[in-house]
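Subject: Structure for you to look at

Hello,

I am passing on the structure we talked about. Please have a look at it before reading my notes below.

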Protein chains: 2
Amino acid sequence: MQGLDLLGKVLLDEGGLIAGQLPTYLGALDAWRPRRPTYRDLVLDAPGFDPIAALAGAQFAYTVPNFSNPTGKLVGLAMRDRLVEAAHATGTWLVEDDPYGTLHYDGAPLPRMIALSGRQGAGKAYDGPVIYMGTVSKEIAPGLRVGWMVAAPAMIAALTTAKQGSDMCTSGVTQRIALAALESGLIERNQPAVVKLYRERRDALCAALAAHLGAWFTWEVPVGGMFVWALARDAALDTDRLWAAALEAGVCVAPSSVFDAAGRNRRALRINFTLNPPDRLAEGVRRLATAVRAMA
Amino acid sequence: MQGLDLLGKVLLDEGGLIAGQLPTYLGALDAWRPRRPTYRDLVLDAPGFDPIAALAGAQFAYTVPNFSNPTGKLVGLAMRDRLVEAAHATGTWLVEDDPYGTLHYDGAPLPRMIALSGRQGAGKAYDGPVIYMGTVSKEIAPGLRVGWMVAAPAMIAALTTAKQGSDMCTSGVTQRIALAALESGLIERNQPAVVKLYRERRDALCAALAAHLGAWFTWEVPVGGMFVWALARDAALDTDRLWAAALEAGVCVAPSSVFDAAGRNRRALRINFTLNPPDRLAEGVRRLATAVRAMA
């Protein structure tokens, strides 16, 4: 996630405008908070959403097309094309943050936006407006803290300067571990087991939700990633209050307000399914249901 | 050096005032550049230097009391006391950046300013204005990228929030390596050999300077650290030009202009002595002398 901080240093003026996919990754909001940005909400599935109007004039647009944190949603190919076209048309930088792209449980991966953008200048070094961010955090270990960015050479040069001013460089020890894991094929060999494990956990969580919380919440079964986004059927159910009640009941979920720079959305929950085995996921949902009933 | 970036995030407003020991570590200037700070020069050995006037109104004061990068100078005990008193009197945060403190070749180490400050509240948790920064970079390996900060609890809490927004956390792998090195006594066992090696190199560099460059430069033999600061006898000798000529002659030194946010000082050179063995240091000085003669 350090790439988000570096992006802010390179692209964001004090109080500058970010077009941010809403709900937004909490870590991104934290990274940019010191510059007091303003946000224009990118609600990609809103009726009549116009990517050009959404991107125009922003210092950059921030998206997580694969299984966004917090919603777990996948941005479809048509919308990826439209966002890339809008970035080219407006000249607004389009950030494609992709930590979850390899955690794909159903169906085939969609093309990355930077690949879609690159097609417009085939045969040349990439000089388009997409800035791609990857990581080994979800495939090896988050504790390595190794990721990468792919972008036009001038943008990479600016990000490198910002990186040098931030911490000189990332540890050579952890970079070498990550490189060895990538070059040796370790990640590819390990990935099917990871995907199988997480798919079972996703299914276990969704089954438990259906058994215990269907009366209060709706959700889509995510096709990848780490999270289920549960929306309260009753707009008056306050998930900030539910978060506190759930903690008392012995289960931790993330309330939707923290994924919104303005804290307006208090109707949804982000529920992680990758950390715990099925029986603990089921127990967690039972505790969450206890908390909901106590509030009702 | 990430601590410098975090300090900027916590303490520095856009365009804010830093009281910075001049010349200033280049990495610090780089870390704070995105916030376009203004600088008040702390020239600690200037006649009539008044620490209270120097610190008052600044968002923080930045010092490297042990063998500053670039000058290699040691700030004496009396001045440490005066700086600490001024920080208490003015309420200005006093940053004590100490990467070189263990590289002590002559004489005994002086007390850290945070220890001097802490004496004023003996028996209580430290709540003074000094922010201390340490690292294993000079004792184990800079490639670990592990350091620490010591400060009042409220300041540590703010720095921790800034750290989380910057990169979530430092790799657990490298933190564990550093911790094992500290706890096992590896650093203490290794340190005498490091000090002996670097002392010999310091002496070799200074001997070569005396043999080849005494007519053009003056310098103090540093009692610790990694650098000799050589001041041109002739104020008209432009070390930016000399830097370029020296590169052509096959030796790399750092011109004084890069250690000054305004780039005014073009009369001195920073020469590192820890990287190379004595014969290469001597050869480097011969090349530097060739470059000086070619400019004269």
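Predicted model: local features only at pLDDT ≥ 70, side-chain atom pairs only at ≥ 80, totals over all residues.

How the chains are related

Chain A can be superposed on chain B by a rotation of 180° with 0.0 Å of shift along the axis, and the RMSD is 0.0 Å. This is the relation of a two-fold axis. Both copies use the same surface, since 100% of the contact residues of chain A recur in chain B.

The interface

How many residues does chain A bring into contact with chain B? There are 25 of them, and they touch 25 residues of chain B. About 1900 Å² is buried between chain A and chain B, and carbon and sulfur atoms account for 55% of it.

Polar links are present too: ten residue pairs are in polar contact between chain A and chain B, counting pairs with both residues at pLDDT 80 or more. Two salt bridges join chain A and chain B. One salt bridge between the chains runs from the side chain of B:Lys9 to that of A:Asp5, with 2.6 Å from N to O.

On the side of chain A that touches chain B, at least two residues each come from helix H1 (2-11), helix H2 (26-32), helix H6 (153-167) and helix H7 (172-183). Sorted by class, that side of chain A consists of nine nonpolar, nine polar and seven charged residues.

A:Phe217 is part of strand E7 (residues 217-218) of chain A. Is A:Phe217 buried or exposed? Its relative accessibility is 2%, so A:Phe217 counts as buried. Beyond its neighbours within four places in sequence, A:Phe217 contacts A:Ala230, A:Leu231, A:Ala232, A:Arg233, A:Leu237, A:Thr239, A:Leu242, A:Arg267, A:Leu269 and A:Val292. The C-alpha atom of A:Phe217 is separated by 8.5 Å from that of A:Ala268, which is 51 residues away along the chain.

A:Ser68 sits in a loop of chain A, between strand E3 (60-63) and helix H4 (77-90). A:Ser68 counts as buried because its relative accessibility is 2%, and the cut-off for buried is under 20%. With neighbours within four places in sequence left aside, the contacts of A:Ser68 are A:Gln21, A:Pro23, A:Lys73 and A:Phe227.

Regards

Notes
Residues numbered from 1 in each chain as written. Chains lettered and ligands numbered in written order. Heavy atoms only, no water. Helix = DSSP H or I, 4+ residues; strand = E, 2+ residues; numbered from the N terminus. Buried < 20%, exposed > 50% of the residue type's maximum accessible area, 1.4 Å probe, protein only. Contact = heavy atoms within 4.5 Å. Buried area = accessible area lost by both parts, 1.4 Å probe. Salt bridge = Lys/Arg side-chain N within 4 Å of Asp/Glu carboxyl O. Polar contact = N/O pair within 3.5 Å; in protein donor to acceptor, adjacent residues only side chain to side chain. Nonpolar A, V, L, I, M, F, W, Y, C, P; charged D, E, K, R; others polar. Least-squares fit on C-alpha atoms with pLDDT ≥ 70 in both.
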